[in-house]
Amino acid sequence: MMIDSAFILAAYLLGSISFGIVISKLFGLPDPRTVGSGNPGATNVLRSGKKLAALLTLLGDAAKGWLAVFIAQQWGFDADMVCLVALAVFIGHLYPVYYGFKGGKGVATALGVLLAFSGWLGLAVLLTWALVFAIWRYSSLAALVAASMAPLYAWYLLPSESYVWTALVLALLLIWRHRSNISKLLAGTEAGFGKK
């Protein structure tokens, strides 16, 4: 029980590291929480004009989600425990202890978790995001559609119900964190890339 609790706590603390904030500081960029959408994620870092900083933010936030789940799997935990670790690292990103519990929206970290669950699952979600973004040029819309599809993909691709339910919880939390974007999309005021 103590080992289980330690893993969950470690996953939460790992998730609480915001690579958007860390990378922006290393690149001498403004704190992403103070510019643009105020979200410390790769999309907002990209608005600084530094593509490398945005890429490193994306990779870092995805890697922490993948790493936490991968380590839990390699440790030999059962599916239920792996899923608790997955939720812990994701919640850490959304509500990080290091930044007053004000974190990102979870897109990259969720992708990392899903990639650790199954490479095919992560790829399906990533391709869905890319397709929606290529057509409509809204990162938020692409994230919402990809998140909505993730539980369906998990149900089809994965044998464990625990993973399917976890994908559903991740999707619901991600959609909740995008509620302001949903309002802007409905109002036609959401900022898109390449939009005039």
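Modeller: Helices (H or I, at least four residues) and strands (E, at least two) are runs assigned by DSSP, numbered from the N terminus. In that numbering, Glu-190 is in the segment after helix 10 (179-187). This is a predicted model, in which local features need pLDDT of at least 70, side-chain atom pairs count only at pLDDT 80 or more, and totals for chains, interfaces and linings use all residues. Residues are numbered from 1 along each chain as its sequence is written, and side-chain values use heavy atoms, with hydrogens and water left out.

Colleague: Why is Thr-166 called buried?

Modeller: Buried means under 20% relative accessible area, exposed over 50%, and partly exposed in between (1.4 Å probe, protein chains only). Thr-166 has 5% relative accessibility, so Thr-166 counts as buried. Thr-166 lies in helix 9. Leaving aside neighbours within four places in sequence, Thr-166 is in contact (heavy atoms within 4.5 Å) with Cys-83, Ala-86, Leu-87 and Phe-117.

Colleague: What makes Phe-101 partly exposed?

Modeller: Phe-101 has a relative accessible area of 47%, which means partly exposed under those cut-offs. Phe-101 is in the loop between helix 5 and helix 6, and its phi is near 65°, a positive value in a residue other than glycine.

Colleague: Why does Arg-137 count as partly exposed?

Modeller: The value for Arg-137 is 34% relative accessibility, so Arg-137 goes in that class. Arg-137 is in the loop between helix 7 and helix 8, and has a positive phi of about 65° although it is not a glycine.

Colleague: Why does Glu-190 have no salt bridge?

Modeller: A salt bridge needs a side-chain nitrogen of Lys or Arg within 4 Å of a carboxyl oxygen of Asp or Glu. Lys and Arg count as positive and Asp and Glu as negative, while His and the chain ends are not counted. For Glu-190, which is buried, the nearest side chain of opposite charge is Lys-184, 4.8 Å away, so there is no salt bridge.

Colleague: Which residues does Glu-190 touch, not counting those up to four places away in sequence?

Modeller: Tyr-138, Ser-140, Asn-181, Lys-184 and Leu-185.

Colleague: What makes the largest group a nonpolar core?

Modeller: A nonpolar core is a set of buried Ala, Val, Leu, Ile, Met, Phe, Trp, Tyr and Cys residues joined through side-chain atoms within 4.5 Å. The largest one has 36 residues, and among those with the most contacts inside it are Val-69, Phe-117 and Leu-121. Helix 5 gives the most to this core, with 10 residues. A second, separate core of five residues includes Leu-29, Val-45, Ala-53 and Ala-54.
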